Amino acid sequence: MNDHGVVTIPATEYRRSRWRNGRGWTREILVLPDPDAWDLRLSIAEVDAAADFSPFDGVEREQVLLHGNGLQLHFDDGGRVDLLPPHQRTRFAGDRPVTGIPVDGPVQVFNLMWRPERMSAVLFHRPLVGGMWCFADERTAWAVHVLAGAARIGAGGHEQATLAQGDSAWLAPGTGKQRYSIDGGGELLLVRVAGPGDAVAGLDDAEPA
């Protein structure tokens with residue numbers, strides 16, 4: 001982490017591991033505060049064949065299709081959601097049994113998981129044309145993932161990180177209010193992380209610069 005709380009996470013440093021139930025693979029982007037007792041987890045799941053997802057009690061999860069021709073989510077309670085290109089997404093409880101069925105070949109999905117009793121999380125899909133601002137403070141942080149193109153993150157009047165397609169960054173909470181600039185061209189996934197119940201208030205915090 002640099003002096004302005006920016007942690008750059010290149011795609012080449014994502015940790016690849018088996019799903020908890022052994023049915024697939026995931027590339028772990030960020031796990032906080034501890035890998036064995038986390039409240040927030042960002043990862044990219046690789047789904048090559050039909051597989052039931054690992055259950056996570058007390059966890060909310062949101063998935064976004066990153067690559068592939070689509071993913072069908074068949075829930076044991078009879079529900080069904082299709083994640084189709086380019087980047088359809090859905091949110092569901094982590095303990096809701098579900099099977100993922102890739103459509104015509106392997107797929108990759110961005111996977112956001114968090115414990116709502118410990119924090120709130122809001123996922124944005126935004127085009128990056130020019131620039132935008134993200135604001136952080138003692139209770140608010142941001143995760144950035146570059147879907148396409150490239151992005152530069154600045155703080156304190158200086159460039160703090162440069163991200164290529166597939167890279168991520170963590171804009172950590174700190175003392176006082178911090179303003180981060182993000183500019184470049186492409187598409188981003190932005191995750192606003194805050195204290196429990198703070199999600200609604202943050203919907204306008206990622207603003208065009």
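This is a predicted model: local features need pLDDT of at least 70, side-chain atom pairs count only at pLDDT 80 or more; totals for chains, interfaces and linings use all residues.
Local features need pLDDT of at least 70 and side-chain atom pairs count only at pLDDT 80 or more, while totals for chains, interfaces and linings use all residues. Residues are numbered from 1 along each chain as its sequence is written, and side-chain values use heavy atoms, with hydrogens and water left out.

**View 1. The largest pocket and its lining.** A pocket is an open set of points on a 1 Å grid over the protein atoms alone, where a 1.4 Å probe fits, with protein on both sides within 12 Å along at least five of seven lines; lining residues have an atom within 4 Å of a point. The largest pocket holds about 310 Å³ of space, the volume being that filled by probe spheres set on the points, which are joined across faces, edges and corners. Of its 19 lining residues, Trp 19, Arg 20, Thr 26, Arg 41 and Phe 56 lie nearest the centre. Two or more lining residues come from each of β2 (15-18), β3 (25-32), β4 (40-47), β6 (60-67) and β11 (107-114); strands are DSSP runs of E, at least two residues, numbered from the N terminus.

**View 2. The second largest pocket.** This pocket has about 190 Å³ of space. Its lining comprises 15 residues, with Met 119, Trp 170, Pro 173, Val 193 and Ala 194 nearest the centre.

**View 3. Leu 163 in strand β14 (residues 158-164).** Beyond neighbours within four places in sequence, its contacts include Thr 8, Val 144, Ile 153 and Ala 169, contact meaning heavy atoms within 4.5 Å.

Definitions and conventions. Helices (H or I, at least four residues) and strands (E, at least two) are DSSP runs, numbered from the N terminus.
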